[in-house]
Amino acid sequence: RIRSIVRGVGSYLPKRRVTNYDLEKLVETSHDWIVQRTGIEARHIAADDETTSVLGIRAAEAALADAGLTVADIDLIVCATSTPDYTFPSTATLIQAGLGMHHGAAFDLQAVCTGFVYAVATADKFLMSGSHKRALVIGAETFSRILDWQDRTTCVLFGDGAGAIVLEAQEGEGTSADRGVLTSQLRSDGRYRDKLYVNGGPGSTKTTGVLKMEGREVFRFAVGSVTDVVQDAFDATGITAEELDWFVPHQANRRIITASADKLGIAQEKVVITVDRHGNTSAASIPLALDVACKDGRIKKGDLVMIEAIGGGFTWGSALIRW
Ligand code: ACO
């Protein structure tokens with residue numbers, strides 16, 4: 001059976017770093033309030049010329065370099081984003097062009113903060129079918145462009161950035177190299193639309209709109225849904241929380257992450273946290289965190305890595321990967 005193996009990982013952050021102290025000058029808030037409620041200390045915010053596709057191109061280039069591959073080796077690009085440069089064409093095709101790639105297929109996928117998990121699951125199914133050989137799976141976002149910078153309840157929570165992995169189809173199961181995406185679990189429930197949404201779009205206000213969120217409701221839903229879908233991944237594979245090497249959750253809020261790990265019986269030292277320095281970068285948060293934990297030597301070949309996320313929709317999901 002074919003398995004989708006992680007060949008490389010990369011990421012890119014906008015140059016401008018914005019601290020909580022900087023935000024104190026913008027809205028009625030404090031560094032202490034933000035740290036206590038969310039764990040966020042700083043985030044990166046894109047300049048006008050750092051569009052989602054530009055961040056995605058940089059992250060993709062870094063992932064290709066890490067894999068020791070070029071675009072000639074890639075035949076699929078899946079980009080998870082809710083903040084595309086344009087309504088169309090897709091950010092994925094802009095990234096494809098920016099990489100100088102003129103073959104294969106590229107498309108966007110939108111599942112808000114769960115986008116990267118959905119993109120991994122989608123690319124994995126393309127590779128397992130035998131139709132494609134190597135995929136760039138990208139999460140790229142500029143949420144700063146859909147924030148109401150006068151709304152302190154939301155503008156302090158988010159940041160911009162991009163991350164990418166290269167997945168490669170290899171014969172896997174049953175060999176000593178039983179690596180790759182072992183399972184992916186995807187869920188959604190559109191009844192929760194009003195809890196977390198952007199109040200604009202071509203079909204409504206014909207403007208881009210800004211992010212609206214009922215924070216407490218999202219928080220309450222997040223811990224339960226995330227733990228359920230991670231448990232589903234454990235059940236599907238027979239792997240236990242003790243066997244896990246690294247838990248790399250969507251980085252929305254340190255309290256959600258800590259509560260979820262506790263409930264699942266995952267030791268806190270196995271939890272990768274980057275929300276302190278990146279804020280919530282939506283679909284980019286997991287590949288950004290994966291890149292940090294690979295580059296600093298925590299995630300190594302053969303390690304069992306659980307990724308999970310919850311986002312607007314609601315959407316939520318998990319994937320268990322042997323690195
Ligand atoms: N600075 C100072 N005070 C603030 C701020 C701020 N930035 N924002 C809100 N407050 C105030 C509120 O006005 C409120 O004041 P009041 O009591 O006088 O009315 C008080 O702080 C408490 O507000 P709550 O919203 O009840 O605070 P809570 O403890 O719930 O924390 C938070 C808010 C951080 C948003 C939390 O609910 C949360 O993290 N929810 C999950 C949100 C999330 O993770 N979303 C993303 C997941 S999905 C995705 O990634 C897209």
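Mentor: The UniProt record, an unreviewed entry, places the feature "active site" at Cys 113, His 250 and Asn 280. UniProt positions follow the numbering used here, feature names are shortened, and annotations may be inferred rather than shown by experiment. These residues are spread over 168 residues of sequence, yet they cluster in space, with a largest C-alpha distance of 8.7 Å. The model is predicted: local features need pLDDT of at least 70, side-chain atom pairs count only at pLDDT 80 or more, and totals for chains, interfaces and linings use all residues. Residues are numbered from 1 along each chain as its sequence is written.

Start with Cys 113. It sits in the loop between β5 (105–109) and α5 (115–129). Helices (H or I, at least four residues) and strands (E, at least two) are DSSP runs, numbered from the N terminus. Cys 113 is buried, because 32 other C-beta atoms lie within 10 Å. Buried means 20 or more other C-beta atoms within 10 Å of a residue's own, with C-beta atoms placed from the backbone.

Now the ligand. Its shell holds 24 residues, and Cys 113 is among the closest, along with Thr 29, Gly 215, Phe 219 and Ala 252. A residue counts if its C-beta atom, placed from the backbone, lies within 6 Å. The elements giving two or more residues to this shell are α2 (31–38), α6 (152–155), α7 (215–237) and β12 (304–311).

Look along α7. A kink of about 25 degrees is centred on Ala 222. That bend is the angle between axes fitted to the seven residues ending there and the seven starting there. Ala 222 is also one of the buried residues of α7.

Terms used. A residue is buried if 20 or more other C-beta atoms lie within 10 Å of its own, exposed if 12 or fewer, and partly exposed in between; C-beta atoms are placed from the backbone.
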